[in-house]
Every structure is written in C-alpha cells, then in structure tokens.
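The tour goes through some aromatic side chains and then moves to a helix.

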Amino acid sequence: MTQIAPTDPQIPVDFRRDQWDRRPFNCWSFQNIAAFLRTEQIAPAETITDLPLSATSLEGFVVTRGAVQTPLSDYLAQNYVDGFLVLLDGAIAYEGYWNGMRPQTPHLLQSMSKSITSIALGRLIEDGLVNPDARIATYLPELSVTAWQH
C-alpha cells in the first residue's frame, strides 16, 4: 500500500478538523483525507474487468423514510453524496459523481468496508472456501489471542 497524495492540498478556510466527517466539511475531507490523516490506498487488482453499461435514469426512484418520500436525486444532493453507483445484473445501471469527485478520485471508504467484506465473505462461503461455522481464528490465527478467540 502506498500513501495517498491529497487531490487538493488547499484546505478550505472554513474547514473544521473536529467536524471533518460532518456536512458540509465531508464534501472536501472525504476526497482529501490524506491532507490531514494518514491513509493507505488499496491497490487495484492485476486484471481489471470492465463492467457493461446498462444506463438507467434516477427519475422515478424515491427514498422513503417514514411517511416522507424524497426523489433519489434530491436525497443524494441533500446528503452530500460524492459518488453513487448502481450495479444490476452484472451491469452498471447508474453511475454519477458530484462535489468535484471523478471516477479516479481517492475517497474515504468508512462503512463501505463492511459491505465489501461481507460480499466477499459471502462469495467465499458460497464457493465452499470458508466455513461459516468455523471460529474466526481458523482463518485469522493472529486473532486467537484476542477477545475473538471464542
């Protein structure tokens, strides 16, 4: 892993380090996290497979929270989303970027790591390479001396 260089070394004048992960500061900090925190970039796979495109509009999609329905495009804007990708049946149904982000822009993953890990683990279980009933230390022996041993 290599250290990421910030995409924009100019920290905004109104940037508050104590609220780097809160709106509206996250629009800048999630794309420039290396400007103020140590980071590591995840190396790409040796072989990258392009996914087919199956263009879909966001029109007509809504986010429902309680009794309130918000058009998906409005919801993404209201929540300062930098990038949004919908993968459907092995094809990219929608891909969009905002707040200066581009497909190549390094971006903080945070909780996406859990989703990516669970998808990968699910595939390993499906392929019979991981036993979901085995103790974690079977696969990560270094955890056998931690609270994860049981």
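Select Phe36: its relative accessibility is 11%, so Phe36 counts as buried (buried is under 20% relative accessible area, exposed over 50%, partly exposed in between, with a 1.4 Å probe and protein chains only). The model is a predicted one, in which local features need pLDDT of at least 70 and side-chain atom pairs count only at pLDDT 80 or more, while totals for chains, interfaces and linings use all residues. Residues are numbered from 1 along each chain as its sequence is written, and side-chain values use heavy atoms, with hydrogens and water left out.

Rings of Phe, Tyr and Trp (its six-membered ring) pair if their centres lie within 6.5 Å; planes under 30 degrees apart are stacked, over 60 edge-to-face, and the rest tilted. A search of the whole structure gives four such pairs. The Trp28 and Phe36 ring centres are 6.1 Å apart with planes at 20 degrees, so this pair is stacked.

Next, select Phe84, partly exposed because its relative accessibility is 24%. With Tyr94 it forms a tilted pair, because the centres are 6.3 Å apart and the planes at 50 degrees. This pair links distant parts of the chain, 10 residues apart: Phe84 lies in strand S3 (residues 83-88) and Tyr94 in strand S4 (residues 91-97). Strands (E, at least two residues) and helices (H or I, at least four) are DSSP runs numbered from the N terminus.

Finally, select helix H3, residues 112-126. Its 15 residues reach 21 Å from first C-alpha to last, close to the 21 Å expected at 1.5 Å a residue; the expected span is 1.5 Å times one less than the number of residues. Gly128 follows H3 and has a positive phi, near 75 degrees.
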